[in-house]
Amino acid sequence: MPERLIMGKFSIGDRVEVLDETISGTIQKVDGDFVTLITDDGFQMQYTAADLVKIEGDISVTNYEVAKVKKEKEIPKRRKAPTIKPKERSAPKMEVDLHIYQLVKSSKGMSNYDMLNIQLETAKRQLDFAIGKRIQKVVFIHGVGEGVLKEELRYLFNRYDNVRFYDADYQKYGLGATEVYIYQNT
């Protein structure tokens, strides 16, 4: 006859096993929520009723069944909110790629002056957008090239009082990007 596990009420003489330990025995005394038992080794021990499982039958409880009962009684753990690493916290909120092929379908037939004007207009429009939306950090990706666009961007950024700029993270962008920090309370 297979064994049965029963949680709950205990009586003197019932066979029980302890949930967290490999101890089994016979109940000698029941005092409210506390149960005293004589182990199979002859020791007298006291446990709360919640720590015990009643056994019916001759066979002892398997670890699988004990784990199953423990799982039912287990209080679900709260999940921790994902922690933001300091490096990610300082990561730019907005990136603007000023490569001409990102801004127009085709640059065929355009002069360098026309391309530079489109790139600068885009940079100004995106910077004004970031200021309006209170975005603190913006990275302008301009590429390395001959440095004309980079110098024009620096001239543009110098016209803003609430803006500081510096080379962006070298590991991520190399020399081809400028990071802009926008002071919000000015």
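Guide: Happy to. One term to begin with: buried means under 20% relative accessible area, exposed means over 50%, and partly exposed lies in between (1.4 Å probe, protein chains only). This is a predicted model, where local features need pLDDT of at least 70 and side-chain atom pairs count only at pLDDT 80 or more, while totals for chains, interfaces and linings use all residues. Residues are numbered from 1 along each chain as its sequence is written, and side-chain values use heavy atoms, with hydrogens and water left out.

Visitor: Thanks! Is Ser107 buried, partly exposed or exposed?

Guide: Ser107 counts as partly exposed, because its relative accessibility is 31%. Ser107 sits in the loop between α3 (100–103) and α4 (112–132). Helices (H or I, at least four residues) and strands (E, at least two) are DSSP runs, numbered from the N terminus.

Visitor: And what does Ser107 touch?

Guide: Leaving aside residues up to four places away in sequence, Ser107 touches Ile100 and Met115. Contact here means heavy atoms within 4.5 Å.

Visitor: Zooming out, how many helices and strands does the chain have?

Guide: The protein chain has 6 helices and 10 strands. Of its 186 residues, 32% are buried.

Visitor: What about the strands, which order do they take in the open sheet of 4?

Guide: The order is β7-β8-β10-β9, with mixed pairing. At the edges are β7 (94–97) and β9 (163–167), each pairing on one side only. Neighbouring strands in this sheet are turned by 20° against each other on average, direction ignored. Two strands pair if DSSP finds at least two bridges between them.

Visitor: How many bridges join β9 to β10?

Guide: There are 5 bridges between β9 and β10 (residues 177–182), and the two strands run antiparallel. Arg164 stands opposite Tyr181 of β10.

Visitor: Which helix lies across β8, β9 and β10?

Guide: That is α5 (residues 148–158), which lies across β8 (137–141), β9 and β10 and runs at about 155° to β9. For such angles, axes are lines fitted to C-alpha atoms, for helices over the stretch in contact, and the angles run from 0 to 180 degrees between N-to-C directions.

Visitor: Now the hairpins. How do β3 and β4 pair?

Guide: β3 (residues 24–31) and β4 (residues 34–39) are antiparallel, with 6 bridges. Asp31 has Phe34 in β4 as its bridge partner. This hairpin has 2 residues between the strands, and Gly32 has a positive phi near 65°.

Visitor: What does β4 do with β5?

Guide: β4 also pairs with β5 (residues 44–48) in the antiparallel sense, over 5 bridges. Val35 stands opposite Tyr47 in β5. With 4 residues between the strands, this second hairpin has Gly42 at a positive phi near 95°.

Visitor: Which residue has a positive phi although it is not a glycine?

Guide: Arg134, with a phi of about 60°. Most residues other than glycine have a negative phi. Arg134 is in the loop between α4 and β8, and its relative accessible area of 51% is why Arg134 counts as exposed.

Visitor: Last one: where is Val144?

Guide: Val144 lies in the loop between β8 and α5. Val144 is exposed because its relative accessibility is 55%.
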